[in-house]
Amino acid sequence: MKDFNANDLSHVVEADRAHIWHHLMPHKSLETTDPRIIVEGKGMRVWDQHGKEHLDAVSGGVWTVNVGYGRTEIADAVRDQLVKMNYFAQTLGSIPGSLFAERLLDKMPGLSRVFYTNSGSEANEQAFKMIRQIAQTRHGGKKWKILYRDRDYHGTTIGCMSAGGQDERNEQYGPFAPGFVRVPHCLEYRKHDQGWGDLSGEDYGRRAADAIEEVILAEGPDTVGAICLEPITAGGGVIVPPPGYWERVQEIVDKYDLILHIDEVVCGIGRTGTWFGYQHYGVRPDIVTMAKGVASGYAAISCVATTEEVFDTFKSAPDDPMNFFRAVSTFGGCAAGPVAALKNMEIIETEDLLRNTQAMGERLLDNLHALAERHAAIGDVRGKGLFCGIELVADRDTREPLPEAQVKAIAADCMQQGYVIGASNRSVPKRNNCLLFSPALIATADDIDAITASVDEAMGRVLS
Ligand code: PMP
């Protein structure tokens, strides 16, 4: 517990109630309860307006604060930079922009350029525009279509929602942009819905990827220019692709001359125990977008990283010297972003957090498997590094999803106990049956055990 000034904070609560439009929140619920204000954070923990301590198992709610709260070294570096030089548009250069790009690309063999943006959605939008412009300059206007996958999410703008694989989330916002075409998901646990129930492991993985080729052939290979995929699907239910999947995707990308755009907004910068999620699978992306963990929420920054080949398309069109990427991002020029990102990366390296993520990720997965032996409602356990999920079912045989109200009740019980865990796709009621765990990369064995113990207790109470 912490002792905060109750008077100051009661005013804040009232201001929140009167003026804040919370993200992803059905506001009706705030008619009967107070909004929760997070006042302080340190390491893995946050404190609310009542001084109550919570162990944060979701890194700031949406898998962002990779290096944990209260990092004074990042705050100090940002402050020093801001008083020296806070902003100039990326039409010109900056010291932290150059230095972070160099350091970042050192972790991404094969990629050599960075375009700075502010959010995951914006990074993906800019990547889609690059792909469209490449279709014009390289392919004479052909190959304009972009493939995306069922259950993947790429952002909140209309363009990103056009590539959104979560129908329920999109329902009220159409019409969407043309030229985005869906391919099937690769969640083996739900293979029966796809008609591939007799396949498993690598056979299922290759089948799910073969389906991409089928879509390309149906659309016409000369119309399809790119595929955008999450390396491990995040909000769609922590879907770790089965063996064989990514190898086959790379074969298809090569065969049909596609741009491989990997959305690392969640997995990028350590979340899965490697710098990037795609690095588990040996694939060769042309474009990689990243956001959340880039500066762990200490500044707003996202990036589009590309190969030199992609970049070259924009600088050398012999018949059109004015062929360049006609895009700007105002706050892509804010120096706080790359400075925070540099320190963030330095912390991950000096504290050996990738190794910790691998070790603690294994512990988390082991604990969740042990929980599955105690609770029949856990139908599937999935994850890589400190990014894990459990899929909850009403019946293990039919795999009928556990009703959303019960999933939420488990998360709420954990919150009551002082643990913040995630329930996937709060805006996707029909598939909101996963609990998500993505603690900061600094998590200790005690933290991991405490998180899973709280879920054990909550499930016991809610489902008894
Ligand atoms: N891509 C993925 C995989 C995401 O999970 C998200 C956000 N949850 C986004 C893109 C969009 O990022 P932002 O909210 O920063 O726009």
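Start with the contacts across the whole protein chain. Of those with a separation of 6 or more, 73% join residues 24 or more positions apart. Keep in mind that this is a predicted model.

Now show the C-alpha trace. The C-alpha atoms fill a box of roughly 65 × 60 × 40 Å along the principal axes. A compact globule of 464 residues would have a radius of gyration near 23 Å; the protein chain has 22 Å, so the two agree. Buried residues make up 48% of the 464.

Switch to cartoon. The protein chain shows 15 helices and 16 strands.

Next, select residues 353–374. This is helix H13, with 22 residues. From first C-alpha to last, H13 reaches 31 Å, close to the 32 Å expected at 1.5 Å a residue.

Show side chains on H13. Color Leu353, Asn356, Thr357, Met360, Gly361, Leu364, Asn367 and Leu368: these are buried. Turn the view to look down the helix axis. The buried residues of H13 fall within an arc of 135°, so they line one face of the helix. An α-helix has 3.6 residues a turn, so residues three or four places apart point the same way.

Which residues of H13 are exposed on the other side? Pick Arg355, His369, Ala370 and Glu373.

Return to the buried face. What do the buried residues of H13 pack against? Select these partners in turn:

- helix H12, 336–350
- strand S11, 378–383
- strand S12, 388–395
- strand S16, 434–437
- helix H15, 445–462

Terms used. Residues numbered from 1 in each chain as written. Predicted model: local features only at pLDDT ≥ 70, side-chain atom pairs only at ≥ 80, totals over all residues. Helix = DSSP H or I, 4+ residues; strand = E, 2+ residues; numbered from the N terminus. Expected span 1.5 Å × (residues − 1). Buried ≥ 20, exposed ≤ 12 C-beta atoms within 10 Å, placed from the backbone. Arc of directions from axis to C-beta. Contact = placed C-beta atoms within 7 Å. Rg over C-alpha atoms; globule rule 2.2 N^0.38 Å.
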